[in-house]
Amino acid sequence: MAHTRIDTLQRAARKGGYALPHFLGGTIEMVVAQIKAAEDCDSPLALGFAPEVFPVVPLEHSLPMIVNAAQRACVPVATQLEHGRDFDTIMRAVQLGVSSVMFDGSDLPFEENIARTREIVKVAHAFGVAVEGELGCVGGSAVTSMPEKESFFTEPESVVEFVERTGVDTLAISFGNVHGRYRGKPCLDLERVRRISALVDIPLVMHGGSGLSASDYRQVIESGISNIHFYTAIASGVWPYINQKAKAAQTIPLYHEIVDWTVDHFYHEAVHVMDILGSTGRASAL
Ligand SMILES: [Zn+2]
């Protein structure tokens, strides 16, 4: 039960009126902290790895570590290669045992996005692996921020055709959400989410979940999102936390102390996210 398909957990979240927390898990500190938080909170969890955020960490090292942690967890955990942009990388991830892959063809023309996503779906499904597509374009990345532009928003009219022709299990959509840091107050088009949600049966995913208020998250979930991605806001708190700990200890820390503090930080942040998304206490019912 522990290692689970992402769409299974997203559907349960939608039904239960909460969102599945999705964290980047590129390093062992992040994975240890986030799994412990999920177990302590009795929350389902999704752990992703994004090669663009951790270019020094080989896929062949990170994904087996994440999959192993998911298999041993006491709560259901989905694993995902995030923002895969080419067939070979995605197939390596499938081979390494993840339960979900994302093909990000959001910067491609509509027909090419469909053709390439469909190709991935065909092979991934043969291995029982779920596929997330992206339609519209969620701006920026965790490492480079970009302003949101309405022309990048997902067109509800094209979603039905995209889902039918590709066979994706889950879909990332763009409605004013951006990766990384928001410039100014986020302006989310929730009516667009509601329209898309009414048109298709598959779970909808929000990338760029950092920096919103608790009430924003509630509204996003009520509009039809069942999975929210987190990285930037949590990651930017690591250094201040370590710095404060080192100052209090009045010493130059050894590396294992930095690891301890990092785990501590990611743990508390994950617990907080699970509370806000309403996933706390939901795992045992799955
Ligand atoms: Zn993303």
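Because the model is predicted, local features need pLDDT of at least 70 and side-chain atom pairs count only at pLDDT 80 or more, while totals for chains, interfaces and linings use all residues. Residues are numbered from 1 along each chain as its sequence is written.

Let's start inside. In soluble globular proteins, nonpolar side chains tend to be buried together. Here the largest nonpolar core has 80 residues, and those with the most contacts inside it are Val77, Val101, Leu171 and Ile225. (A nonpolar core is a set of buried Ala, Val, Leu, Ile, Met, Phe, Trp, Tyr and Cys residues joined through C-beta atoms within 7 Å; buried means 20 or more other C-beta atoms within 10 Å of a residue's own, exposed 12 or fewer, partly exposed in between, with C-beta atoms placed from the backbone.) Helix 2 (residues 28-41) gives the most to this core, with 7 residues. Helices (H or I, at least four residues) and strands (E, at least two) are DSSP runs, numbered from the N terminus.

Take Val77: setting aside neighbours within four places in sequence, its contacts (C-beta atoms, placed from the backbone, within 7 Å) include Ile35, Ala38, Leu45 and Ala70.

Helix 2 also has a partner. Its axis comes within 10 Å of that of helix 3 (residues 59-72), and the two cross at roughly 15 degrees, which makes them roughly parallel (angles under 35 degrees). Axes here are lines fitted to C-alpha atoms over the stretch in contact, with angles running from 0 to 180 degrees between N-to-C directions. Where the helices meet, Ile28, Val31 and Ile35 of helix 2 face Met65, Ile66 and Ala69 of helix 3.

Next, look at helix 7 (residues 190-199), where Arg192, Val193, Ile196 and Ser197 are buried. They sit on the same side of helix 7, because they cover an arc of only 130 degrees around the axis, taken from the directions from the helix axis to the C-beta atoms. On the other side, Glu191, Ala198 and Leu199 are exposed. The cover over the buried residues includes helix 6 (156-166), strand 6 (170-173) and helix 8 (214-223).

Most residues other than glycine have a negative phi. His83, though, has a positive phi near 50 degrees; this residue lies in strand 3 (residues 77-84) and is buried, with 24 other C-beta atoms within 10 Å. Gln250 has a positive phi of about 50 degrees too, but lies in the loop between helix 10 (238-249) and helix 11 (255-277) and is exposed, with 6 other C-beta atoms within 10 Å.

Key: Two residues are in contact if their C-beta atoms, placed from the backbone, lie within 7 Å. Angles under 35 degrees count as roughly parallel, over 145 as roughly antiparallel, 65 to 115 as roughly perpendicular and the rest as oblique.
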